[in-house]
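Open the model in your viewer and keep the sequence panel beside it. This tour goes stop by stop, saying what to select and what is there.

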Amino acid sequence: MDENIDISQVEKLVTEDVFKQLGSSDKGLSTTEIKQRLERFGPNALDEKETPLWRRLVTYFWGPIPWMIEVAAILSAANSDWKSFSVIFAMLVINGGIGFWEEKGASDALKALKNQLALKARALRDGQWGEVDAAELVPGDVVRVRLGDILPADVKLFDGDYLAVDQSALTGESLPVNKKAGDVAYSGTIAKQGEMAGLVYATGGRTFFGRTASLVQRAAPVSHFQKAVLSIGNFLIFLAIALSILLIVVELIRGLSFLELIAFVLVVVVASIPVAMPAVLSVSMALGALSLSKLKAIVSKLTAIEEMAGVDILCSDKTGTLTQNKLTLGDTALFSARDVQEVILAASLASKAEDADAIDTAVLNGLQNKDEQLKGFRQNKFVPFDPVSKRTEAIIQSAEGKTFRVTKGAPQVIMGLAKLVGDDQNKADKVVMDAAAKGFRTLGVARSEDDGAHWTFLGILPLFDPPRVDSKATIMEAQAHGIEVKMVTGDHQAIASEIAGQLNLGTHIVPVDQSLSKVAEGGVVSPALGDSIERADGFAQVYPEHKYAIVKVLQDRGHIVAMTGDGVNDAPALKQADVGIAVSGATDAARSAAALILTAPGLNVIVRAVEEARRIFERMMSYTVYRIAMTLDILFFVVVAMLLFNSYPLTAIMVVLLSLLDDIPIMTIAWDNTTVQKKPVHWEMSRVLGLSSVMGALAFGGTFILYLLVRFLYHMPVGQVQTVMFLQLIAGGHLMLFLTRVRGPFWRPPYPALPLLAAILITQIIGVAMAGFGWLMPALSWSVVGLVWVYNIIWMLVADFTKLGVHRLMDSQAVHQSRFLRTVNASLHPAITQFQHEEAAAHRDIRRAFAIFKHDVHQTGGHPRRPRSG
C-alpha cells in the first residue's frame, strides 16, 4: 500500500488506480490487513483535545467563589485565628474536590452515552458484508452507503447507480448533489437517495471534514429549567451581597474589627449562596441520562429531559414501535402471473438481501428453493426504496442473457405504472381493501420486458405485521400517565384503523390531505384542520413532510409533542418536535436529529424514558426548593441577629462546617427515590418560589425563636448559644430536605434512597458529636442536644402541614386558571376563526391582484396598463 497517496488527487484518479494505490480490491480487506492498518493510521475519529485532570482540578480554586474563601482564610491567618484558618482552608479543598468529583461524574456519564451513540458502517471484510464501528474503518475498506446513512469516511464510489448526497454541512449547498461511480463522497455528509458501494481512501483527521473543520467543544444548550434556576441563584447571590454590605456598614459604625468582620461576612456569603446548584443540576441530568441508557433509551441532548417530562402527546410510528416488524406473507392475489411463486420470484429479484430490510426479508423467505431459483439471475442495477417513489426497482439479466425489469412497492403506485383499468382495477382495489380490513399491508409486483415502457401487473402480496404483545398494556399505561398516543403510519386508513382498534387507541384515523403539505410549507392552519388533528386517534397515508406539519399544528395548540421517526426524511419532524425520538434501527440521519435514540424496539421503552425523566425533574425541583429555603434561613438569621443584637450568632468555623455538612447529602440527591407524577410536569416558577419562600420563612422563624429562647429566656453563655444555633441549622436543614423531596406527607412513600439517607445520618452524627463533645466549639449537655432535636421535629411537623397546604392552594389555583383559560378560548374561538378566514381571503386577493398585475405587464410589453380616464 502506498502511504503517500495524494488525497487531493483521488477524485481525478481512475477507480482501479485508487484500489491499486491503497492495496485493496472490490472484495475488501482481510482481518489481518485491518489490524495492520489500524495500527498504522489509527482510529477513524477526529482527535478531541481533553483538558488534563490536574488543570480541571485547578479551575475549582480559581474564580469569584474560591477567591472569597481564599481571602477569608488569609484574613483569618492575619488575625492569628488559626482554627478558623484551618477549617476555612479545609472548606476550600473539600468544595473544590466535591465540584471536581461531580463534574467528573457527569463527564464520565456523557462519555458513556457518546460511546453508545457511535456510528456504524457496513463493510466488506473477509468476503462477508457486516456491521462495524465507523471508528474501526481504515483506508482500503469497502463500504456500502444507502438512504439515511451518514458517510463514515471519505470514499471513492465505484458500484451502484447513483447516490444523492446532502453536503450542506461542509459546502453550504442547499440541494443534494448526485454522485455516480468514480465520484468521491465526504465524511459527515448524508445519503438522501440511492445506494452505492465505495472505497475508503481517507479516515479521521485526513478526511475532507477533518482537514477543513476544527472540532469545537460546545456546551449543550441550557434548558428552560436551568435558566430559571440559574436566574434564582443569581438573585440569591445579589441578595447575599446586598445584605452583607448593609451588615458591614452597620457593624463598622458600631466599632467591630474590620478584618474579623470581613472574614466572617465572606464566609457567610459563600455558605449561603447556592454554589453547587449548577453542578447538582448537571450531575442529576447526566446520571439520569445514563440510567435512561440502561433502559435502552439514549439521550443525545441533556436538555430534552425537561421536555420529555412534560410530553402530553406522543405521535408513534406503527411499524416496529406498535407492531413487531416481523412481516410474513399472506395469500397472494394473482393477476397476470401463472402462479404464486412467479409473483414472489419477481418481488425477490426487486429486493437486496444484504440490506436486511424487513419487507425484502419477508419476500425472500417466502420464495421456495430460494438459492436454486435465484441462481440463474443477475441483478445488474438496483434502485432502492425511497419515501417519494414508494417502490424498489431492479434490472435483471437471466441465464439466457435476456434483460428485463421488476418492481415492487405500494399497490397504488404499481397499479399506476401498469395502467390498470376496469375489472382489473376494481379487483386490485378490492384485494387491497379486504387485506387492509384484516390489518394486512400489501405490495404490488410488476414486470417489464421493454425497459420500463410497459409494465405487466403480476399480483399483490399481502404482508401481516402483528401488534407487539406489550403494546396494548403500554399504551394504557401511557394514557394513565396523561400521555395521548396517536398512531402515525404510511399505511392505508383501513389497516391503521384495524391495528389502532386492537391496541385500544381508538379507530378515528384521519388520512392526510394536501392541506397538511401546505402547513409544512408555512401555510395557514384552518381551525377545522387543527381540531381534526387534535381529535384524531392517528394518521394514515402519511409522508415524512406530513409528520412535520402534524407536530407544528399540535405545538401551536399548546401541546408538548414527542414524535418518533426512523428515516432520513423524518429529520425535520424530529427536530421540530419537543422530543424527537429515533426508533430502533433508525438511519444515522434520523439519529443525529433526535433528542432520544432508542436501541430496543417498542413503545414500552418510551414510556419508561418518560417516567425516568419525570423522576429526574422531581429531584431537581425538590433540590431547588430546599436550597432556596436554606439560603433564606441562614442569610436572614445571621444578618438580622447581628443587626439587632450586635453579636455573632455563629462563629466563622461553624458557618464553614455548616456549608460542608450541607453539601454531603446534596451530592447524593441524584440517586434519590421520587414519585412519578401521573400528569406531565412543567417548570412552575410560581410554585417553586412560593413554596421555597414559605419554607424559608418558617425555617427562619424556627431558628430565630430558638435563638431568642436560649439567649434571653435560659440565659445561656454566648459560646453555647452559638453551638445551639449550629446544631439547629444542621438538624433543621436536613429535616427540611426530607420535606421538600416529596409533595405529600414526608412519612409516606417514596422513602429516601439509601445513599441519601446514609449521607444525612452520617452528617447528623457528626453534627451531634461536635455539639456534644465540644469539637471546635463549646460543648452542650446531652439533654440540651436532645431538646434541640425535639424542637426541630416539632417544627418539622408544622412545616410539613404548611407545605401540604401550600400545594393544595396552588393546585386549586391551577384548576381555576385552567377553567378560566378554557372559557376564554371558547369565547374567542369564533372571533379567531373569522379573523383567520378573513386573513386567508386577504392573502388570496393580494395574490390574485399580483397575478393580474404580472399579466398586464406581460401583455403591454413591460409596462402595466394605465386605468382608463373617467
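**Stop 1**

Select the open sheet of eight strands, whose order is 8-22-21-20-9-17-19-18, with mixed pairing. Its edge strands are strand 8 (297–299) and strand 18 (509–511), each pairing on one side only. On average, neighbouring strands of this sheet are turned by 20° against each other, direction ignored. Two strands count as paired if DSSP finds at least two bridges between them. Helices (H or I, at least four residues) and strands (E, at least two) are DSSP runs, numbered from the N terminus.

A word on the source: this is a predicted model, where local features need pLDDT of at least 70, side-chain atom pairs count only at pLDDT 80 or more, and totals for chains, interfaces and linings use all residues. Residues are numbered from 1 along each chain as its sequence is written, and side-chain values use heavy atoms, with hydrogens and water left out.

**Stop 2: inside that sheet**

Select strand 9 (residues 313–317) and strand 17 (residues 484–488). They pair in the parallel sense over five bridges. Find Ser316: opposite, in strand 17, stands Met487.

Helix 21 lies across strand 9, strand 17, strand 19 (538–540) and strand 20 (561–565). Helix 21 runs at about 170° to strand 20. Axes are lines fitted to C-alpha atoms, for helices over the stretch in contact, and angles run from 0 to 180 degrees between N-to-C directions.

**Stop 3**

Move to strand 15 (residues 440–448). Is it mostly covered or mostly uncovered? Strand 15 is mostly covered, with seven of its nine residues buried. Buried means under 20% relative accessible area (1.4 Å probe, protein chains only).

Show strand 14 (residues 403–409) too. Strands 14 and 15 run antiparallel and are joined by five bridges. Thr407 has Ala446 in strand 15 as its bridge partner.

Then show strand 16 (residues 456–464). Eight bridges pair strand 16 with strand 15, again in the antiparallel sense. Here Thr442 has Pro462 in strand 16 as its bridge partner.

**Stop 4: helices 17 and 24**

Select helix 17 (residues 471–480) and helix 24 (residues 604–645). Their axes come within 9 Å and cross at roughly 25°. That makes helix 17 roughly parallel to helix 24, a label for angles under 35 degrees. The crossing is left-handed: the near helix is turned anticlockwise from the far one by less than a right angle.

Show side chains. Thr474, Glu477 and Ala478 in helix 17 meet Asn604, Val607, Arg608 and Glu611 in helix 24. Contact means heavy atoms within 4.5 Å. By class, this contact has two nonpolar, two polar and three charged residues. Ala, Val, Leu, Ile, Met, Phe, Trp, Tyr, Cys and Pro count as nonpolar, Asp, Glu, Lys and Arg as charged, and the others, Gly among them, as polar.

**Stop 5: helices 26 and 27**

Select helix 26 (residues 685–713) and helix 27 (residues 718–740). The axes come within 10 Å and cross at roughly 155°. Helix 26 and helix 27 are therefore roughly antiparallel, the label for angles over 145 degrees. Their crossing is right-handed, with the near helix turned clockwise.

Residues of helix 26 in this contact include Met695, Ala699 and Leu706. Those of helix 27 include Val721, Met725 and Leu739. The contact divides into 11 nonpolar, three polar and one charged.

**Last stop: zoom out**

Show the whole protein. There are 29 helices and 22 strands. Buried residues make up 50% of the 870 residues.

Conventions
Angles under 35 degrees count as roughly parallel, over 145 as roughly antiparallel, 65 to 115 as roughly perpendicular and the rest as oblique.
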